[in-house]
Amino acid sequence: MTAEQTYWDKRFADEGELWGKAPSPSAERAARLFAVWEAHSVLVPGCAYGRHCAHFAHHGFHVVGVDNSSVALEMARRIAADEGLAVDYMLGPATKLPLDSGGTDAIYDRALLHLLNAADRERAVAEYFRVLRTDGILYATYFSDQDAECGHGVEVEPGTFDAKHGRPAHFFSEGELREQFAGFHVSVLRLISETEDHGGTTHDHVFWELIAEKEG
Ligand SMILES: C[S@@+](CC[C@H](N)C(=O)[O-])C[C@H]1O[C@@H](n2cnc3c(N)ncnc32)[C@H](O)[C@@H]1O
């Protein structure tokens, strides 16, 4: 088991539905975008216990959730069964997605990529490109270098800080994100402030909102 799996398994086992059941505010924008895009299938890498998978399933998309925490996926499957939602949950790393090439219309990444080290970020973005169909679309929100937490803790890689003892996070500059997604056509890249609910306590993050297409 990797250190990140141990960290997330323990957090989900100890704290349950960490961010509550409601999807993040930007998930509604993503659902509208995917509908305009005429997407049928939506992949949610780093889906955790499935609050965004449930959101997209309620919107009528065929949803695949991938996460490498078995504890999170156990919760996700139970919640989907309780709510009568059909979501395909798969255990696996974002760096080696258990999916065929070109079979996914849309990807929604909420705050996964910034948790990976530089080499794994490269691998994950290559996987996103591989599994997306031509003209497929990605909607993502990632920590920015404008976020209040940027610079806190030990810098374990350039721009990556571990302030949570075992959960380093990368804080992207605009140039880095453009470079990271150079294989895509980036149509939107802008800073947004969003409130994150941690089960009663809230705090704001300054995220990059990224919309990127896999052009033919
Ligand atoms: C910050 S949480 C985001 C959860 C979810 N996107 C949400 O907003 O509800 C990160 C999630 O990514 C998962 N994760 C971390 N590293 C991963 C990896 N390399 N591959 C797949 N999932 C990973 C964790 O288990 C955790 O569920």
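User: Among contacts between residues at least 6 apart in sequence, what percentage join residues at least 24 apart?
Analyst: 68% of them do. Two residues are in contact if their C-beta atoms, placed from the backbone, lie within 7 Å. This is a predicted model: local features need pLDDT of at least 70, side-chain atom pairs count only at pLDDT 80 or more, and totals for chains, interfaces and linings use all residues. Residues are numbered from 1 along each chain as its sequence is written.

User: How much of the chain is buried?
Analyst: Of its 216 residues, 40% count as buried, meaning 20 or more other C-beta atoms lie within 10 Å of the residue's own, with C-beta atoms placed from the backbone.

User: OK, helices. Which residues of helix 1 meet helix 4?
Analyst: W8, D9, F12 and A13 do, and their partners in helix 4 are S70, V71, A72 and M75. Helices here are DSSP runs (H or I, at least four residues), numbered from the N terminus.

User: At what angle do the axes of helix 1 and helix 4 cross?
Analyst: Roughly 40°, and the axes come within 7 Å. Axes are lines fitted to C-alpha atoms, for helices over the stretch in contact, and angles run from 0 to 180 degrees between N-to-C directions.

Conventions: A residue is buried if 20 or more other C-beta atoms lie within 10 Å of its own, exposed if 12 or fewer, and partly exposed in between; C-beta atoms are placed from the backbone. Helices (H or I, at least four residues) and strands (E, at least two) are DSSP runs, numbered from the N terminus.
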